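Please read the following report alongside the sequence and the model.

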Amino acid sequence: MKNYLLILFLISSSLHSQNINELKKFALRDAKAVSNASIKKDATTIIKYTHPKIIQKYGQTEVKEIIEQVYKTMSAQKIKIVSSEIDEVSEIRKEKKEYRSLVKNTIKMDFNGRPITLKSSLFGFYDKKKQQWYFIESNKLLNDPETKKLFSDFKTEIKIPEDEQIANN
């Protein structure tokens, strides 16, 4: 009986590990799609990976207009995203019957000729039916009143770091 339980435990652990590895692979794939879309100013792709609560609240058309307006403002202020790299999928946990992740990234920007590096993260929510991750900028879950209101019941064991802005000289 002990051997049977041990074998069952090992199989269960192995399946869980494979599942987490697959979820990590999907998180990396989807975060890279968002990262590339931000460089290309591709609002449609960004919307595809934006958490559905945000789309439901504001509507797809308005979210697209907001994203496009952000890019126009950046352009007018001579702010350009030079690169956006996914550093790592640092954590995946099952919370409230869904998988969640933290994806760390580094964004290099040119602020009117002045290079800036932003270390930030995306918080991911996995939709297993679509096999897709939806993201929110992690700092918005911490600091943005509108996002906090929209996700009023949000709690996580995942440690969300504050964004870090580094001026390059």
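A residue is called buried when its relative accessible area is under 20%, exposed when it is over 50%, and partly exposed in between, with a 1.4 Å probe and protein chains only. This is a predicted model, in which local features need pLDDT of at least 70 and side-chain atom pairs count only at pLDDT 80 or more, whereas totals for chains, interfaces and linings use all residues. Residues are numbered from 1 along each chain as its sequence is written, and side-chain values use heavy atoms, with hydrogens and water left out.

**Ala-27 and the cores**

Ala-27 counts as buried because its relative accessible area is 0%. Its place is in helix 1 (residues 2-40), where helices (H or I, at least four residues) and strands (E, at least two) are DSSP runs numbered from the N terminus. Leaving aside residues up to four places away in sequence, Ala-27 touches Val-89, Ser-101, Trp-133 and Phe-135, a contact being heavy atoms within 4.5 Å. The C-alpha atom of Ala-27 is separated by 9.6 Å from that of Glu-88, which is 61 residues apart from Ala-27 along the chain.

A nonpolar core is a set of buried Ala, Val, Leu, Ile, Met, Phe, Trp, Tyr and Cys residues joined through side-chain atoms within 4.5 Å. The largest such core has 24 residues, and those with the most contacts inside it are Ile-67, Phe-123, Leu-141, Phe-151 and Phe-154. At least two residues of this core are supplied by each of helix 2 (43-48), helix 3 (52-58), helix 4 (60-76), strand 1 (79-95), strand 2 (98-111) and strand 3 (114-127), and helix 4 gives the largest share, four residues. Apart from this core lies another, of 16 residues, among them Phe-26, Ala-27, Val-89 and Tyr-126.

**Pockets**

On a 1 Å grid over the protein atoms alone, a pocket is an open set of points where a 1.4 Å probe fits, with protein on both sides within 12 Å along at least five of seven lines, and its lining residues have an atom within 4 Å of a point. The largest pocket holds about 1,200 Å³ of space, a volume being the space filled by probe spheres set on the points, which are joined across faces, edges and corners. Of the 36 residues that line the largest pocket, Ile-46, Ile-67, Val-70, Glu-137 and Lys-140 lie nearest its centre, and helix 4 contributes the largest share of the lining, six residues.

The second largest pocket has a volume of about 170 Å³, and its lining includes Glu-98, Arg-100 and Tyr-126. Strand 3 provides the largest share of this lining, three residues.

**Salt bridges**

A salt bridge is a side-chain nitrogen of Lys or Arg within 4 Å of a carboxyl oxygen of Asp or Glu, and the whole structure has seven of them.

| Salt bridge | N to O distance |
|---|---|
| Arg-100 and Glu-95 | 3.2 Å |
| Arg-100 and Glu-98 | 2.9 Å |
| Lys-149 and Glu-146 | 3.8 Å |

Glu-95, Glu-98 and Arg-100 are linked in a network of salt bridges. Lys-149 and Glu-146 both lie in helix 6 (residues 145-150), three residues apart, about one turn of the helix. Lys-149 counts as exposed at 57% relative accessibility, and Glu-146 is partly exposed at 36%.
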